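User: I have a structure open and want to learn how to read it. Can you take me through it feature by feature?

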Amino acid sequence: MEVVLAARGITKRFPGVLALDRVDLEVPGGEIHAVLGQNGAGKTTLMNVLFGLVQPDEGALFLHGRRVEFRSPHDALTHGIGMVHQTRRLVAAHTVLENIVLGHPRVRGVLSLRDARVEVAALCRRYGVGLDLGARVWQLSEGERQWVEILKALYRGARVLILDEPTSVLTPPEAAALLAGLQAMVRGEGVTALLVTHKLPTVMSACDRVTVLRAGRVVGRLRTAEATEDLLVRYMVGRDVAPGPAGPSGAPGRRVLEVEDLACLGDRGVAALRGVSFALREGEILGIAGVAGNGQEELAQVLAGLRPATAGRVRLDGRDITRLPPVARWALGVGYIPAERTEVASIGAFSLVDNTALTYHFDPAYVRRGLLDDAGLARLTRRIIDGFDVKVPHPYARARQLSGGNLQKMILGRVLSRAPRVLIAHLPTQGLDVEATAFVRAQLREAAAGGAAVVLISEDLDEIVALGDWVAPIYEGRFVAWLGREQADPETVGAMMAGRRREWAAAR
Amino acid sequence: MWELAVRSLEVSAILLLAALGELVGQRSGVLNVGLEGLMLFGGTVAFIATQATGNFPLGFAAALAVGALLGCAHGFFSITLRGDQVVSGMGLWILSFGLTTFLGSPYAGPLGLGRIESPAGLPPFFVLGVLLVAAAWFLLYRTGPGLAIRSVGENPAAAEAAGIPVAAIRYLCVVAGGVLAALAGAAYTLSYNPVWNYNFIMGWGFVSLALVFFSMWNPWILLAGASLFGLMWQLSLSPELVLPGILSRYVWRTLPFAITIPILVVISTPWFRTRWGLAKPEALGQPYAKG
């Protein structure tokens with residue numbers, strides 16, 4: 001197979017960091033090639049070099065064996081290399097067609113959208129993409145938006161597609177559809193795809209070859225047919241990652257959390273949660289699996305006291321807390337890890353000490369005559385930093401300086417430092433690298449072992465199945481089933497949270 | 001009656017020109033709340049230049065130049081320095097208010113030249129305004145550069161990724177907005193009411209600003225809104241003409257604002273958004289930092 005795109009000896013230094021260290025990359029044509037690595041391994045920098053956004057300090061790029069130099073993305077585009085950005089690079093108010101032609105050289109003067117429509121429609125047919133070109137982007141699902149990005153690159157004549165974490169914002173079925181479409185495109189039309197990701201299942205299921213980066217260096221180059229997930233993890237992390245203790249997380253004790261027929265409205269005023277009931281004992285983990293938008297976010301908020309329940313009851317240790325405000329719940333032992341790490345769970349401009357204070361400002365142990373006990377909070381923050389392995393120079397660093405993994409460890413540590421009776425964790429490992437993910441999961445298990453009841457809401461089936469003593473797939477505001485650990489295999493749960501919807505649609 | 005209509009269209013033209021420039025600027029994502037100041041400046045400079053030379057075209061040229069200059073200043077603060085657009089616009093207004101009072105006071109009084117001819121009995125600036133509305137609509141919705149302008153105002157990062165120079169587009173739009181606002185001011189002091197007096201524009205800049213929101217950033221609705229607001233203003237000068245003794249002129253003058261507020265409320269409801277999407281350019285008011 002001919003090597004289409006190659007990079008040789010690419011070195012890139014940023015002030016104080018060696019982002020890429022003599023990186024060699026060979027991408028054979030007509031294949032999906034994965035670039036795998038943890039956050040900060042240099043994946044993004046390498047892609048930016050290939051797309052002309054960043055100039056390397058040393059090394060050269062070769063296209064079909066000929067040396068090329070990309071001074072800007074425009075150069076890369078004229079050589080047939082297209083970047084498929086994450087979907088926030090689309091104009092939500094514009095139509096699909098307008099987004100696709102945006103920036104195309106032929107739309108300098110008067111727009112001939114009619115011609116463009118014909119061409120783009122032909123492109124859609126050729127690659128088997130079903131998109132309404134007149135629809136506005138804000139009306140589309142994330143999966144469809146990703147296709148708009150891909151079409152945009154193809155319309156500009158790209159034969160090599162660089163995809164930056166294309167599945168990170170997609171639901172599992174959307175991600176599977178995207179990868180299948182990409183494979184068809186690559187096999188049938190000879191397009192070459194370079195996929196940047198830190199998701200192992202994506203690499204294993206969809207890619208032909210993989211180049212693994214760690215700390216700016218290539219540490220592995222192999223065919224996925226010869227690779228295993230464990231092997232790739234070892235390459236990425238540089239050592240084995242302890243999977244954490246397996247099996248049930250200890251003998252369940254007393255009932256901690258009882259939820260009866262709980263219902264609430266979503267942001268748009270329609271019923272989001274339509275009657276959910278369950279009970280959890282000390283030491284149990286409930287994994288709630290669902291495609292985003294099926295009521296799980298609202299469930300987390302109702303349990304945390306951030307959203308009023310329209311019906312039903314929540315009991316904590318036998319006490320009715322349905323109408324209690326959030327602070328009262330914190331004091332009683334409810335802990336909440338919101339999905340939005342930077343928007344809801346922390347304040348970026350605050351120091352870590354002040355962020356810790358956000359869950360202690362009502363606690364008499366840290367408030368003296370109405371004033372916060374800063375020294376005590378600083379000591380507490382230091383304990384969290386040490387205990388949860390947060391990599392940060394000092395407790396007064398601002399939260400926004402922390403990487404996603406470190407911030408999540410901090411948030412987790414803050415919540416767990418209150419020794420909660422009930423822990424609600426919403427997408428606790430989303431966007432984290434392998435190491436941080438393993439750490440967070442181990443901590444959740446440990447919290448359960450320590451006697452907490454853990455409600456884990458996740459879209460990651462493997463996570464749900466690995467951690468949950470009980471698994472409840474959620475669909476349109478109701479639990480589809482209540483499965484014990486032994487009944488919950490990824491296929492069943494996946495079908496319940498996503499596959500069922502297809503059956504119903506077909507029946508209609 | 002005909003006289004009232006023509007007179008009110010003259011008011012409409014001034015509101016329309018200023019608001020159209022602001023609309024284009026806001027479409028590119030830059031809010032200029034200093035519209036009032038730009039109109040004061042354009043009107044004052046045009047008045048002084050015309051009175052000094054007795055030459056109307058020269059007066060207009062001076063207004064356009066000063067409008068472009070003020071547009072550049074607003075662009076420099078809000079695009080290059082990425083300052084707060086509201087602060088920059090307010091600063092521009094206060095500066096213009098003070099400076100034009102200082103510059104214009106010695107010239108207080110009538111222009112003392114003949115009136116500008118109106119072909120076919122139609123107010124010339126209204127005709128110009130309608131033509132510019134058509135041109136702006138065509139530019140925004142039927143051309144590549146228009147798509148670029150709208151993209152820059154909605155999602156500058158997406159525009160940049162598509163190879164569009166965000167800062168340059170924004171500068172162009174803001175300067176065009178400044179030019180049109182100054183032209184509107186000149187139309188006031190040279191044609192509608194050729195007299196210079198203290199704070200002659202009387203808040204029309206803010207009415208124009210409200211008009212842009214009223215129009216939901218659509219040039220044709222802007223035209224309709226400007227016609228309506230112009231009529232209401234002219235009526236407010238003699239409200240007894242229509243509804244004798246019911247409302248004082250000051251109440252009439254608040255109507256443009258009173259109408260705009262419910263419209264703003266409606267377009268921000270979930271109902272409207274799910275039906276029509278966001279009318280407001282998403283990146284409006286937000287400085288864009290590269291990368």
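**Reading the model**

Analyst: Start with burial in chain B: buried residues make up 52% of its 291 residues. Keep in mind that this is a predicted model.

User: What radius of gyration does chain B have, and what would a compact globule have?

Analyst: Compare the chain with the rule for its length. A compact globule of 291 residues would have a radius of gyration near 19 Å, and chain B has 19 Å, so the two agree. For dimensions, look along the principal axes. The C-alpha trace of chain B spans about 55 × 45 × 35 Å.

User: How many helices and strands are there in chain B?

Analyst: Count the elements, then read their order. Chain B has twelve helices and two strands. From the N terminus they run α-α-α-α-β-α-α-α-α-β-α-α-α-α. Next, ask how far apart in sequence the contacting residues lie. Take the chain B contacts between residues at least 6 apart in sequence: 79% of them join residues at least 24 apart.

User: Which residues of α5(B) are buried?

Analyst: List them, then look at where they point. The buried residues are B:Phe125, B:Phe126, B:Gly129, B:Val133, B:Ala136, B:Leu140 and B:Tyr141. They cover an arc of only 115° around the axis, so they lie on the same side of α5(B). Then find their partners. These buried residues pack against α1 (2-27), α3 (56-80), α6 (144-154), α8 (166-192) and α10 (219-237) of chain B.

User: How many residues of helix α9 of chain A are buried?

Analyst: Here the count matters. Eight of the nine residues of α9 (residues 296-304) of chain A are buried, so the helix is largely enclosed by the rest of the structure. Among them are A:Leu299, A:Val302 and A:Leu303. Check what comes after the helix, too. A:Gly305 follows α9(A), and its phi is positive, near 90°.

User: How is chain A divided into domains?

Analyst: Read the bounds, then the spacing. Domain 1 covers 3-237 and domain 2 covers 343-417. Their C-alpha centres lie 38 Å apart.

User: Where is confidence lowest in chain A, and where is it highest?

Analyst: Chain A averages a pLDDT of 85, and 94% of the residues score at least 70. Confidence is lowest in helix α16 (residues 490-507), at a mean of 55, and highest in strand β19 (residues 422-426), at 95. Over residues 243-247 of chain A the pLDDT is below 50, and this stretch has four contacts in the model beyond near neighbours in sequence. Residues 499-508 of chain A also stay under 50, with seven contacts beyond four places in sequence. Where pLDDT is low, predicted coordinates should not be read in detail.

How values were computed
Residues numbered from 1 in each chain as written. Chains lettered and ligands numbered in written order. Predicted model: local features only at pLDDT ≥ 70, side-chain atom pairs only at ≥ 80, totals over all residues. Heavy atoms only, no water. Domains from an automatic or database assignment. Buried < 20%, exposed > 50% of the residue type's maximum accessible area, 1.4 Å probe, protein only. Helix = DSSP H or I, 4+ residues; strand = E, 2+ residues; numbered from the N terminus. pLDDT = per-residue confidence, 0-100. Contact = heavy atoms within 4.5 Å. Arc of directions from axis to C-beta. Rg over C-alpha atoms; globule rule 2.2 N^0.38 Å.
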